Each structure stands twice: as C-alpha cells, then as structure tokens.
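Here are my notes for your read-through. Keep the model open while you go, and check each point against it.

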Amino acid sequence: ITMKRHISFYSRVAICLLKKFAQVTIHRRWLFLSAIALGAANSTVYASEYDSAPVLTEDSAVEVAIRDNPSLAEMQTRYEALAEVPSQVGTLPDPMVSVNAMNFPTDTYERDQEAMTQLQVGFSQVFPFPGKLSLKEEAAEYDARAAGHSVDELRLQLIKNVKSKWWQLYYMDRALETVDSNQALLRQFISVAKTKYETGKGLQQDVLLSQLELSRLMDQEIQLEAIRRNQVIQLNILMDRPANDPITLPDKVSKKMPNLVDESELYQKSASVRPRLKQMETQIDAAKSRLDLAKRDYYPDFKLGVTYGDRTGDNPLPRGGARSDFLSVMVGVKIPLYAGRKQSKAVSQKSLELQKNRYALLDEKGLVTAAISSAVTDYHRAKQQYSLYGGGIVPQAQQTVQSMLAGYQVSEVDFLNLVRSQMTLFNYELQYWKALSDAKQALARLEAAVGEETVYE
C-alpha cells in the first residue's frame with residue numbers, strides 16, 4: 001500500500017467519522033472519544049514493546065546466531081576434541097616398569113642366604129606390527145576431518161533456519177499491516193452503510209455484514225499475533241537469546257529476485273563444496289583405513305622386556321667371590337591363534353561398514369540433488385507469483401474496490417459485492433507478501449543444499 005493511498009484513504013475515513021460524530025448525541029460523543037483514547041493507549045503500549053527493540057536485519061540475525069548458537073558451539077568443541085585423538089592412537093603404548101623381589105627365603109628373608117634371591121627392576125615395551133599405528137592415526141585424522149565438515153554443515157543449516165524464520169517473521173509483520181489497513185477500510189464501509197441506512201437509502205443487513213467481516217479480520221489479527229510471537233520465540237532460540245525478547249524487523253528490505261544458475265551447475269557445485277558430502281567422503285576414507293588395519297591384525301605384535309636382578313652375598317667354595325647380578329632379556333610375539341573367529345570376522349565387518357558408507361554417500365547425493373531441484377522449483381514459482389501479484393493482480397484489485405465503493409455510495413453496486421471485492425483484495429495482498437517470503441526462504445534452502453551462497457548469476 002503506497003503512501004499516497006494511505007493519505008487518501010485516511011482522509012476519506014476522517015471525513016466519514018466527522019460526519020458520524022456530528023450526528024450522535026453528547027453522551028455518545030463522550031463514549032466515542034473515550035474509545036478512541038483507550039485504543040490509542042493500547043496501541044501505544046503495543047508499539048512500545050517492539051519500538052524499544054533495535055532493528056534486526058537478516059544479516060545481523062545470522063551473525064548473532066553463528067556467534068552464540070550453543071548447538072554450533074557444541075559441535076565445534078566436539079571437532080576440537082577429536083582433533084586431539086590422532087597423536088594419541090598413533091603413539092606406542094606406554095612402557096611398563098616393574099620392581100620384583102625374587103626368591104626370598106621365608107625362614108629368614110635374608111637376601112644373602114640363597115643364591116637366587118634378588119631384587120629386580122624391569123622394563124618392557126609392546127611394539128605393534130609395522131603399519132598398525134600409522135593406520136590408527138590415519139583413521140582418527142579422517143574422523144576429525146569429518147567432524148570439521150559436520151561443523152560446516154551445521155553452520156549451513158543454522159543459517160538456513162535463521163533466514164527462514166526471519167522471512168516468516170517479516171511476512172507476519174506485513175500480514176498484520178495488511179489486516180490493519182483492511183480493518184480501516186471495513187470501518188469506512190460500516191460508516192457509509194450506516195449513513196445510507198439512517199437516511200433510508202440502505203439496508204440494515206449491509207451494516208451487519210460489514211461488522212461481521214470486521215470481526216473476522218479482528219479474529220485473524222489475533223491469530224497472526226500469536227503466530228508472530230511463536231516465530232519470535234523460535235528465532236530468539238536460534239540466536240541464544242531469551243525467548244520473550246521482542247524483535248523488530250526493518251520495514252524496507254531488498255526485494256530483488258536474482259536469476260539462478262543452471263541446475264546441473266548447482267549439482268556440480270554441491271558435489272565439490274557441500275560439507276555433508278565431504279563429511280561422508282571422509283568417513284569412507286576412515287572406513288578404508290580401518291579395513292586395512294583389520295587386515296594388519298593377522299600379523300603379530302611384539303613385546304620386548306629387559307630385567308636387571310641385583311644379588312648380595314658370596315658364592316660357596318671352591319669358586320667363592322661375590323655373587324654377580326643377573327640381566328634378563330625377553331621377547332614376546334602375539335600369535336593370531338583364533339584368526340578364523342576373530343581377525344577374519346573383523347575384516348568382514350570393516351568391509352561391510354565401508355560398503356555401508358558408500359551406499360550412504362550415494363543416497364545422500366540423491367537427497368542433495370532433490371533438495372536443490374525442489375528449492376529451485378519453489379523459488380521460480382514464488383518469484384513468478386510475486387511479480388504477478390505485485391505488477392497486476394493487487395493494483396487491479398485495488399482499483400476494483402475503489403470503483404465499487406464509489407458505485408455503492410450512489411447505490412449502483414450491491415454491498416455484498418463490495419465486501420467480497422475487499423476480501424479478495426485482502427487475500428491478494430497477503431499472497432503478494434507470502435510470495436516474497438517464500439522466494440527468500442527458497443533461496444536460503446538452495447544455498448544450504450548447494451553448500452555456498454553463489455547460487456545465482
């Protein structure tokens with residue numbers, strides 16, 4: 001609704017109200033003024049709730065959500081935690097140091113009584129078969145990379161959700177404005193119908209019909225207010241703000257409808273940049289490393305140990321002399337004795353897991369292409385509707401209402417047709433703003449499906 005229309009419309013309303021005001025009694029005048037004052041007070045309270053809040057643009061909402069959203073922070077922390085794993089699993093197991101008291105006689109517990117009595121200090125280290133540690137570290141690195149891609153994917157989905165909620169909220173604001181303007185027009189209809197009825201040129205049913213339609217609009221306004229509040233709550237939660245914080249959106253936004261690139265090009269872009277696909281490809285690499293590791297388990301691990309035994313006392317004659325200390329070296333080999341029930345089953349398991357990840361990637365690619373095509377279709381539909389409503393249907397409906405109102409005032413148009421034309425205009429105005437909101441939401445879904453914002457020419 002243009003400013004020119006607002007001025008001319010409210011001028012007509014003011015004239016009708018002044019005429020009506022002159023016809024009522026002094027008592028009714030006081031009631032009339034009191035109602036106006038009460039309505040103004042209520043509207044002031046309602047407006048102050050939103051006027052006090054700073055204007056929240058689409059870009060600022062996205063910025064706040066990326067900075068403060070707890071789910072995104074949780075995923076980022078998970079990625080950072082997984083990034084610490086590779087060096088842990090790629091390092092040798094901790095060595096074992098042992099201290100032993102060997103062969104002490106139980107009658108005296110003297111160290112020099114028996115020749116084999118000794119205090120031992122040992123050191124042992126397990127050495128996995130060559131290649132096992134590097135494969136474990138490689139798999140863990142792939143897991144960390146996959147977690148990093150999941151952070152990027154969650155960020156994309158968060159941006160999509162914030163943009164969608166923002167544009168839904170913008171539509172609610174425009175719908176409420178449309179309801180208010182249509183309520184004012186219906187009040188004008190009521191004034192005209194009352195004037196004609198009181199002068200004997202109209203019917204009482206015209207007054208009642210217009211009052212009924214006004215009540216229906218008031219009911220729709222109540223519903224829209226509730227829906228708007230729910231949208232505010234959801235957007236606040238995405239931005240990690242108190243749920244009841246008021247949100248004020250700008251009145252003017254960019255209504256530009258860019259041209260999209262070809263769908264096949266969008267498919268190619270998504271295959272190379274979509275984080276979800278990168279995540280699943282990285283999971284396939286991790287599954288390959290785990291399969292190779294399972295195959296390496298057919299080969300044994302080794303254990304090397306060194307023990308030094310300290311003895312006291314003297315050797316018996318004829319040899320004599322102090323007893324020498326002992327040095328022991330131990331080499332252990334883990335034998336895959338149950339390979340048929342253990343290692344072979346592990347190889348089969350990892351092979352199936354790899355195949356599962358490959359099938360999951362193929363399925364996800366299909367879902368991504370479907371999401372791209374669906375978003376493109378929705379965008380083109382909404383764009384065409386927006387152009388049609390804004391360039392043709394809404395202006396024509398406005399002219400129709402103005403023409404019928406003029407005709408009704410001179411009793412050339414039936415009142416029922418006048419009301420119907422106004423309700424038709426009301427629905428078209430809602431469809432106009434809804435088409436804009438749907439187009440912007442489709443763009444947000446398309447950007448999230450492709451994985452980047454450069455989806456248009």
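The points below go through the sheet, the helices, the salt bridges and a pocket.

1. **What you are looking at.** This is a predicted model, in which local features need pLDDT of at least 70, side-chain atom pairs count only at pLDDT 80 or more, and totals for chains, interfaces and linings use all residues. Residues are numbered from 1 along each chain as its sequence is written, and side-chain values use heavy atoms, with hydrogens and water left out.

2. **The sheet.** Start with the strands (DSSP runs of E, at least two residues; helices are runs of H or I, at least four residues; both are numbered from the N terminus). Four of them make an open sheet, ordered S1-S2-S3-S4, with antiparallel pairing. Strands count as paired if DSSP finds at least two bridges between them. Which strands stand at the edges? They are S1 (96-102) and S4 (326-333); each has a single partner strand, so one side of each is left without a neighbour in the sheet. From one strand to the next, the twist averages 20° (axes are lines fitted to C-alpha atoms, for helices over the stretch in contact, and angles run from 0 to 180 degrees between N-to-C directions).

3. **Who faces whom in the sheet.** S1 and S2 are antiparallel partners over seven bridges, and Met-102 has Gln-118 in S2 as its bridge partner. S2 (residues 118-127) also pairs with S3 (residues 302-310), again in the antiparallel sense, over nine bridges. Look for Val-126 there: Lys-303 in S3 stands opposite.

4. Buried means under 20% relative accessible area, exposed means over 50%, and partly exposed is in between (1.4 Å probe, protein chains only).

5. **One side of H8.** In helix H8 (residues 263-273), the buried residues are Leu-266, Lys-269 and Ser-270. Why do they sit on the same side of H8? Because they cover an arc of only 100° around the axis (the arc is that of the directions from the helix axis to the C-beta atoms). The background is that an α-helix has 3.6 residues a turn, so residues three or four places apart point the same way.

6. Most residues other than glycine have a negative phi. Now check Tyr-109, where phi is near 55°, a positive value in a residue other than glycine. Tyr-109 sits in the loop between S1 and S2 and is exposed, at 54% relative accessible area. Asp-240 also has a positive phi, near 55°. You'll find Asp-240 in the loop between helix H7 (204-238) and H8, partly exposed at 47%.

7. **Salt bridges.** The structure has 19 of them, each being a side-chain nitrogen of Lys or Arg within 4 Å of a carboxyl oxygen of Asp or Glu. Lys-132 and Asp-301 make one, at 2.9 Å from N to O. This pair links distant parts of the chain, 169 residues apart: Lys-132 is in helix H6 (residues 132-198), and Asp-301 is in the loop between helix H9 (275-296) and S3. Both Lys-132 and Asp-301 are buried. They also belong to a salt-bridge network with Asp-297 and Lys-334.

8. Lys-163 and Glu-447 meet at 3.0 Å, N to O. Lys-163 and Glu-447 are both buried. Asp-438 and Lys-434 also form a salt bridge, at 3.0 Å, N to O, but they are four residues apart in H11, or about one helical turn. Asp-438 counts as buried at 16% relative accessibility, whereas Lys-434 is partly exposed at 32%.

9. Helix H3 (58-68), H6 and H11 each supply at least two lining residues.
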